[in-house]
Amino acid sequence: MAPVLSIANLRVSFPRMEAVRGVSLTLRGGETHCLVGESGCGKSISALSVMNLLPRSAVRSADHIRFHEHDLLAMSERQMAWLRGDKIAMIFQEPMTSLNPAYTIGSQMAEVLERHRRASRRQALDRAAELLARVGITAPGMRLAQYPHQLSGGLRQRMMIATALMCDPEVLIADEPTTALDVTVQSQVLRLLRKLQQEMGLALLLITHDFGIVARMAEHVSVMYAGEVVESGPVEQIIKAPTHPYTRGLLNCIPVPGMTKPGEPLGSIPGGVPHIGRGFLGCGFRERCPMAARECAEPVHLHDAGEDHFYRCRLPPDWKLDASP
Amino acid sequence: MTHAIEVRNVYREFQQRSAAGRVRSAVHAVDGVTFSLAAGNVLGIVGESGCGKSTLARLILGLLPPSSGEALVDGRSLAHMDRRERARLIQPVFQDPFASLNPRQRVRDIVGLPLASQGDLTKRQQTDRIMEMLARVGISTEMADRFPGQLSGGQRQRVAIARALVLHPRIVVCDEPTSALDVSVQAQILNLLSDLRRELGLTYLFISHNLAVVEHIATEVAVMYLGRFVEHAPTQDLFRRPMHPYTQALLASVLTPEPALGIPDVGLGDAYPDPTDIPLGCRFHPRCPKALSECRTLVPDNIRKDGRLVECLLAAST
Amino acid sequence: MKTADDTQPLWRRRRLPAFGRLATLLGASIVVTAFVVAIFAPYLTPYDPFAQDLNLRLVPPVWMESSHAAHLLGTDQIGRDYLSRLIYGTRISLLIGVLTVITSGLIGVTIGIVGGFYGGRVDALVMFLITCRLSIPLILVALTVVALVGSSLTVVILTLGLLLWERFAVVARTTTMQVRNLDYIAAAQAAGASRAHVLVREVLPNIASHLVVVATLEMALAILLEAALSFLGLGVPQPLPSWGLMIAEAKEYMFFSPWVIVTPGVALFILVLGINLLGDGLRDMLRTDLRHRGW
């Protein structure tokens, strides 16, 4: 199946920082692709650069960013504005900041359809009510007349999802959509996203820091660290047999009820995320890596571990942590 | 067995006043909490946002006076203690290390504040204690003269832990100490807290919304809902056999990194808990998937069974 | 996300548009120059500012006809060197500006921090005080006080200082309310720190940047008010060379010798403009300085 969205060798740099260093990924219809990593790894910046919503100080370059056969890099801002919210929609972590507190939910939802489809207010509101019902909001008619602050966090996020779906997008980019929510509400919102994606054949790019969400939601996962995709592949593969030292380390850090022994120390990765300035070469993880060697300071190529599983490390796929140096 | 800390029937309301000064509504943030904790143990307090867990922490720390009830350390009420004495017994570690350190002070002054406030040590002795504590939490000497803005999130949280432990308190109240941190740093901080507890014989109150973290670090767990402990049990028991339907829903919503399990249906309704309007009967019944008709009118008693506490009518019958 | 800009020193951050930066720089240079002139006045003045020379009355500045090369800005109606009086006038203006700001700042910041920190009834009282102060007609009260007590430099400074604190109080109060709920305040209280420590060492340094901006605005206001009072004859007493007084004394001669009124007027305008430009620039720089709390 042809990819709906494909990104090749995306680079984003800020005046004093290289935020994204050569990210490639493809997203197919009906597929959930998770971009996972810690803060500052460039996962949100990658998503924003697809939408061309980067801050002004950022410089973006790529071999291509394609939506079907359209090259987004070659598009004018007007064409991009048309595409955003229509064919490619995005939802953010904190719905409150992306909503205007002065307008009712109905008018904010309807506006999308009026702008993109020249729909009448009546049609747009009907569509909004239909979608609110579909995301499990009871009494949608009443909700349309309410203001954002009158909804709870979970309801606001459902409303954002409904707004994103107003124009039947093909791609939905969700940036940490449940991080601001309580755990029980998180499950409800994630279930909803899954259900809608299957029903509508959406391609979902889900950005998260939580490997639990990755495991339960994704078919495909790309692990990011210091601006690079360090490992990517089918989710079972990555969780069962992580290859990159960072992925292995990260999975060891996560306490799992019933699996990690209370009282025993968790696995942890020493140190913190490095600052990647201009001219940084080689593996961004080498300062924290137990297996680092001199050659890690040189550019590392992508290695194929079979079955669509790639990783960016000099080690063989079945490496073991060696106690001797 | 001696109780390191004992909390007796603590209530705290916040009144929302109208412009004319009349009480419009009252938020029952903490609505009758009682527990005691033996020295050396870790009580994990879990619950969703707005359940009152952070208010409870502030009450116990003496930062906020309770509407009624009291918290005792060594059998003495914290409310009646001098601020210096209280500081020697109980110390906090807060969630966001970007907000809990004064951006205009150097690390050494931040960590030294509890010592300076006691006023019984010379500058020299204070410096020695500060450096010893910083080394203990893994902050190198040259960072002592930096400002918090020059440190990473993990380093800041280490500094906050050093400040909390520099007086060797008996109890440390950790209010979501790792939820603002990255996963790899969270593991470092959890390991550090565990090591320090063992070495210094500390007692923790560990407040978190992350059940996996609580399961890892706590010896007993209390589940808080709308200002009350609805279940309180040893960690193993609670995770193996949760009795309250709310605890069951919380446990179900933990997403472990196990593919193919999918997203669980936690079965809770959409009724969002509102501390200004606590439901009659069982406070959980509007969301409870197992609610009986009695739950709407009968307030469940505290049921104590096998060293655990549950507030649920269903638990009474089984 | 932390922007690279955050790590730069304040003056290098590229947050101001080019025009704003230029204006701030201009303001800063005016203020610095004024302070240098005031401090080194005795070394800069060609004449004693009080020395009269009745033979050389109302000499125009050098660029006009029938001027004297020795008196760059000419002389006044009793033959005092205008440049020297202008230079000494800088002293008076800045002295009044600085001392008034210190007095009103102490009062306003204390009231504001206490109200903002403790809230409740204390805050209600503080708000009442601020409202009362705002209801006082400033010029009228100042005039009355000076008229009753008699005019002297000290009286002017104290009167203005006791009246101009409300903006300090308002800003200190609101910024304290923002800082009060941050965890480092709670941590300091839990650490056993005294109230004085919490207010002075934890709160004050974190609201100081906002207060600096208020200070510049208040200073400009105080200088203008002093000039107004002196002009009305109820400010600084003669023969002190205050700019307001110079304008007042010159008003009889303004039709035939306009420079006597224009020169101190322009000086006053430039100094107040400089202070205000500096204040605006500081505010714009600090507005985005509120620490990035995320990553």
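Two residues are in contact if their C-beta atoms, placed from the backbone, lie within 7 Å. Keep that rule in mind for the first stop.

This is a predicted model: local features need pLDDT of at least 70, side-chain atom pairs count only at pLDDT 80 or more, and totals for chains, interfaces and linings use all residues. Residues are numbered from 1 along each chain as its sequence is written, and chains are lettered from A and ligands numbered from 1 in the order in which they are written.

**Stop 1: the interface.** Show chains A and B together. Here 40 residues of chain A are in contact with 40 residues of chain B. Now select α7 (183–200), α8 (211–217), α9 (235–240) and α10 (245–253) of chain A; each supplies at least two residues of the side that touches chain B. Helices are DSSP runs of H or I, at least four residues, and strands are runs of E, at least two, numbered from the N terminus. Which helix gives the most? α7(A) does, with 7 residues.

Next, colour that side of chain A by class. You will find 19 nonpolar, 14 polar and 7 charged residues. Ala, Val, Leu, Ile, Met, Phe, Trp, Tyr, Cys and Pro count as nonpolar, Asp, Glu, Lys and Arg as charged, and the others, Gly among them, as polar.

**Stop 2: A:A226.** Select A:A226, in the loop between β10 (220–225) and β11 (228–234) of chain A. Its phi is positive, near 50 degrees, and it is not a glycine. Buried or exposed? A:A226 is buried, because 26 other C-beta atoms lie within 10 Å (buried: 20 or more; exposed: 12 or fewer; partly exposed: in between; C-beta atoms placed from the backbone).

**Stop 3: B:H168.** Move to the loop between α5 (153–165) and β7 (171–175) of chain B, where B:H168 lies. B:H168 has a positive phi of about 50 degrees and is not a glycine. B:H168 counts as exposed, because it has 12 C-beta neighbours inside 10 Å.
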